[in-house]
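Visitor: Could you walk me through this model, giving the general idea of each feature and then the case at hand?

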Amino acid sequence: MKIVHQDPKEGKIKVKVETLDDLWHLYHIIEEGDVVYAKTLRKQSQRSDSLRPEKVQAIPVFLGVKVEKVNLHRFANALRVTGPIVYASREEVPLGKYHTIAVEENDTITIQKEKWKKHHLERLEEAVKASQRAKVMIVVIDEGEADIAVVREYGVDIIANVTHNLGGKRYNSDRESEEKKFFHDLAKTMIEIMERENVDKAIVAGPGFAKENFYKFLSENYPDLAKKVVIEDTSVTGRTGIYEVIRRGTVDRVYHENRVAKEIQLVEKVIEEISKNGLVAYGLKEVEEAANYGAIDTLLVLDELLKGDHKEKIEEIMEFVRGTRGEIVIVSSEHEGGEKLKALGGIAALLRYKVK
């Protein structure tokens with residue numbers, strides 16, 4: 001994401017959307033009551049003559065919409081912002097009518113808030129930083145099958161599966177030939193995804209020898225790709241194997257600033273502290289008490305809570321923790337770590353000392 005312009009007096013920030021991750025960040029920044037300005041298409045009825053029915057025509061217009069609903073459609077790569085029109089660049093567009101602005105990659109929008117909250121500005125700053133960082137790919141491979149995932153800002157996105165029937169082990173020559181075809185298909189798929197998704201490094205992992213064989217094949221046939229590959233062991237394949245790579249800290253080692261890896265590892269740390277009755281608080285009541293004592297070192301908040309019924313209470317706790325120099329981490333609900341935090345009430349804290 002790029003910040004194009006800021007007007008602190010009017011509470012306006014103009015941004016350019018660059019990636020699907022940016023749409024996810026905007027989904028958590030834009031709230032009910034904000035005004036979003038953007039170029040859009042508005043359907044207008046035009047009568048061609050008195051005998052023919054009206055024709056509906058979409059006209060380009062610059063609109064300001066007071067937000068009532070925000071929906072992220074991940075598979076359509078679009079953020080939809082709905083509400084009454086409060087500004088229109090064309091006189092024929094009536095104010096007060098409802099309109100939905102569809103925000104997509106490469107669009108530019110302006111967000112106006114009465115007051116920008118600290119965590120919104122921090123998320124905006126994180127989105128700008130993230131746009132300057134390359135993503136990480138995880139490939140979990142076994143005999144004739146590989147799952148490919150991209151670690152995004154909001155979570156892990158499994159975007160491809162490459163499979164090939166290698167045949168039985170008796171016919172070694174046929175099997176070797178089929179394995180080469182599988183490796184070629186996988187290498188070409190990886191290259192295409194890495195170019196499309198701006199991926200700089202790929203972690204190739206798995207439980208058997210397939211990953212080593214594939215790496216040797218890459219070194220001989222795709223040396224440029226091989227230079228971007230790191231090998232890792234896992235006990236299983238598939239989605240579970242992908243998360244095992246993250247829990248092991250491999251993503252952090254390959255790309256130390258990755259957000260999802262940090263979130264998952266912090267949630268795992270919370271669970272570990274709970275298991276040994278350690279320096280941890282979870283659930284709204286316990287965390288609020290710990291915050292009042294100034295005992296919170298790291299506060300974990302599920303993103304969904306900042307759009308829920310307890311939003312104001314959560315924001316109060318966040319401000320209190322910020323005032324006592326604690327770290328605040330907004331955890332995405334789109335990955336395994338977020339699911340585990342949700343089961344703990346959506347909020348937890350790693351403590352400096354026990355409060356009970």
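Guide: What follows is a dialogue on how to read the features of this structure.

Guide: This is a predicted model, in which local features need pLDDT of at least 70 and side-chain atom pairs count only at pLDDT 80 or more, while totals for chains, interfaces and linings use all residues. Residues are numbered from 1 along each chain as its sequence is written, and side-chain values use heavy atoms, with hydrogens and water left out.

Visitor: How many helices and strands are there in the protein?

Guide: Helices (H or I, at least four residues) and strands (E, at least two) are taken as DSSP runs and numbered from the N terminus; the protein has eleven helices and 17 strands. Its C-alpha trace spans about 80 × 70 × 30 Å along the principal axes. With contact meaning heavy atoms within 4.5 Å, 66% of the contacts between residues at least 6 apart in sequence join residues at least 24 apart.

Visitor: What percentage of the residues count as buried?

Guide: A residue is called buried under 20% relative accessible area, exposed over 50% and partly exposed in between, using a 1.4 Å probe and protein chains only. On that scale, 48% of the 356 residues of the protein count as buried. Helix H1 (residues 20–29) is mostly covered, with nine of its ten residues buried, among them Leu20, Leu23, Trp24 and Ile29, but also Asp21 and Asp22.

Visitor: At what angle do the axes of helices H2 and H10 cross?

Guide: Axes are lines fitted to C-alpha atoms, for helices over the stretch in contact, and the angles run from 0 to 180 degrees between N-to-C directions. Angles under 35 degrees count as roughly parallel, over 145 as roughly antiparallel, 65 to 115 as roughly perpendicular, and the rest as oblique. The axes of H2 (residues 118–131) and H10 (residues 311–323) come within 10 Å and cross at roughly 75°, and the two helices are therefore roughly perpendicular to each other. At this crossing Lys118, His119 and Glu122 in H2 meet Glu315, Met318, Glu319 and Arg322 in H10.

Visitor: How many salt bridges does the count come to?

Guide: A salt bridge is a side-chain nitrogen of Lys or Arg within 4 Å of a carboxyl oxygen of Asp or Glu, and by this rule the count comes to 29. Lys117 forms one with Glu31, the closest N and O atoms being 3.4 Å apart. Lys117 lies in the loop between strand S8 (108–112) and H2, and Glu31 in the loop between H1 and strand S3 (35–47), so this pair ties together parts that are 86 residues apart in sequence. Lys117 is partly exposed at 24% relative accessibility, whereas Glu31 is buried at 13%.

Visitor: Which other salt bridges could I look at?

Guide: Arg152 and Glu197, both of them buried, meet through their side chains in a salt bridge at 3.0 Å, N to O. Glu336 pairs with Arg247, with the closest N and O atoms 2.7 Å apart. Glu336 lies in helix H11 (residues 336–343) and Arg247 in helix H6 (residues 238–247), so the pair ties together parts that are 89 residues apart in sequence. Elsewhere, salt bridges that share partners join Glu31, Asp34, Lys113, Lys117, Lys311 and Glu315 into one network.

Visitor: Which residues other than glycine have a positive phi?

Guide: Most residues other than glycine have a negative phi. Asn106 has a positive phi, near 80°; Asn106 lies in the loop between strand S7 (98–104) and S8 and is exposed, at 54% relative accessibility. Asn198 also has a positive phi, near 60°; Asn198 is found in the loop between H3 and strand S12 (199–206) and is partly exposed, with a relative accessible area of 46%.
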